[in-house]
Amino acid sequence: AADAWSAERIRAHHDRELVRLVRDAAARVPFYRDLYRRHGVDVGAFSGVADLSKLPAIGKADLLAHGGRMVRPGLPAVLTARLTTGGSTGTIATLAMRRGLGTVDLGCIHALWRRAGVRAGDRMVRLRGALLDGGRARSELDREANCLVVSTYHLRDEDVDGVVDLIDGFAPLWLHVYPSAAALLAGAMRRTGRRFARAPRGVLCGSENVVPGQAELFEEVFGGRTYAHYGHSELALLGGWCERARTYHFLPNYGYLELLDEAGRPVVGPGAAGELTGTGYLNRLMPLVRYRTGDWGAWDEPGPCPACGRAHQRLARIDGRQQEYLVLRDGSRFPLTNINALHGSFFSRIVRFQFVQGEPGRAVLRFVPAEPADGSGLAEIRSAFAYLEALGLALSFEPVDSIPLTPRGKQRVVVRPEEVA
């Protein structure tokens with residue numbers, strides 16, 4: 001429904017939601033009550049979009065340092081879900097939300113997909129880092145979702161015939177992918193000359209940037225159109241490509257988007273670049289107001305989209321979630337998003353991590369423990385990554401006191417030894 005909203009209705013919606021959220025956070029969430037008091041914010045006079053710049057921005061450092069105080073008290077634990085974020089960035093934070101909110105988020109993603117023509121129940125192949133039967137199985141059928149889950153651990157040239165045959169046998173309408181994993185399959189298909197018997201309608205990309213040249217590669221090799229969306233576990237922002245242009249349209253009923261420069265000042269004007277900063281409307285249990293995501297992007301031209309007519313906030317591009325790889329013993333590339341263990345319970349034991357690799361098939365996992373490393377904690381982390389040995393990566397482990405960030409406050413997750421010397 002929000003696709004048809006006028007610019008005036010969208011602005012009124014943002015003002016209304018921002019006032020509700022900020023006043024509620026200041027009254028009920030300890031972190032914001034103290035933050036706004038320290039900064040002298042007159043919450044009663046806050047009017048919405050025009051006053052956002054008067055509020056201090058927050059970031060992942062605040063989640064790490066004050067996460068418990070950012071949760072609205074009073075909701076029974078049985079109604080609360082907790083999850084970790086940061087597997088693709090190397091910095092780990094814990095989030096809280098009301099149970100069932102993930103389903104609402106997925107519904108919003110499906111609303112974006114409908115622009116590309118996806119319909120409920122469409123047959124889909126999922127190529128998104130699944131580890132099946134310890135890396136031994138190549139696929140698994142999810143009957144409830146009408147989806148074939150294909151392992152991303154078997155995408156070398158010698159595997160391509162079997163993978164293409166699996167996908168052809170399922171005859172999907174869509175491929176739902178990590179771009180880095182899809183690039184490995186598309187590259188192998190191009191080199192070997194294999195093609196699908198029936199081209200899917202499109203490729204649905206998420207969790208990473210689609211880097212220059214990849215959309216064209218997917219459309220050449222797979223057939224169908226490439227469509228990408230941007231979102232994150234923090235549920236502050238959600239946007240997807242226009243169905244007629246490769247610009248990101250952000251859902252106004254999901255959150256409000258700002259771009260900030262390195263000094264925290266709002267960036268305006270077509271082509272102007274800044275850090276994506278979101279205020280999310282969905283998660284009232286752990287509200288994020290002016291949350292700096294660490295990803296950067298640039299504004300599109302002002303006014304309604306010339307391709308589709310929507311009045312949503314639009315970005316011409318997003319620079320973030322870069323695709324990083326480890327190199328296996330046989331020289332093949334292993335996307336970091338494939339690291340199944342990065343979504344495991346060991347997150348609770350670490351604050352930050354980084355892979356150091358100087359030769360194919362060997363790497364060191366450096367990590368900052370959340371608590372002093374002991375034998376059981378290290379054993380849990382080793383166990384989480386044990387499957388990588390059979391895939392061609394020998395991993396050693398090194399607890400450290402700190403892992404430096406880039407000048408922009410980001411972190412490279414895979415580096416060479418000389419970069420940490």
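In which sense do strand β18 and β19 pair, and over how many bridges? Strand β18 (residues 362-369) pairs with β19 in the parallel sense, over six bridges. This is a predicted model: local features need pLDDT of at least 70, side-chain atom pairs count only at pLDDT 80 or more, and totals for chains, interfaces and linings use all residues. Residues are numbered from 1 along each chain as its sequence is written, and side-chain values use heavy atoms, leaving out hydrogens and water.

**Sheet**
- Four strands form an open sheet with mixed pairing, in the order β19-β18-β17-β20.
- Strands (E, at least two residues) are DSSP runs numbered from the N terminus, as are helices (H or I, at least four); two strands pair if DSSP finds at least two bridges between them.
- β19 (394-399) and β20 (414-415) are the edge strands, each pairing on one side only.
- F367 has P399 in β19 as its bridge partner.

**Cysteines**
- The whole structure holds zero disulfides (cysteine sulfur pairs within 2.5 Å).
- C147 is in none; its nearest cysteine sulfur, that of C205, is 15 Å away.
- C242 is also in none, with the sulfur of C308 nearest at 3.8 Å.
- C242 counts as buried because its relative accessibility is 0% (buried is under 20% relative accessible area, exposed over 50%, partly exposed in between; 1.4 Å probe, protein chains only).

**Nonpolar cores**
- A nonpolar core is a set of buried Ala, Val, Leu, Ile, Met, Phe, Trp, Tyr and Cys residues joined through side-chain atoms within 4.5 Å.
- The largest has 64 residues; L185, F218, F222, F250, L276 and L315 touch the most other members.
- Helix α6 (residues 179-192) gives the most to this core, eight residues.
- A second, separate core of 31 residues includes V19, F31, V43 and L95.
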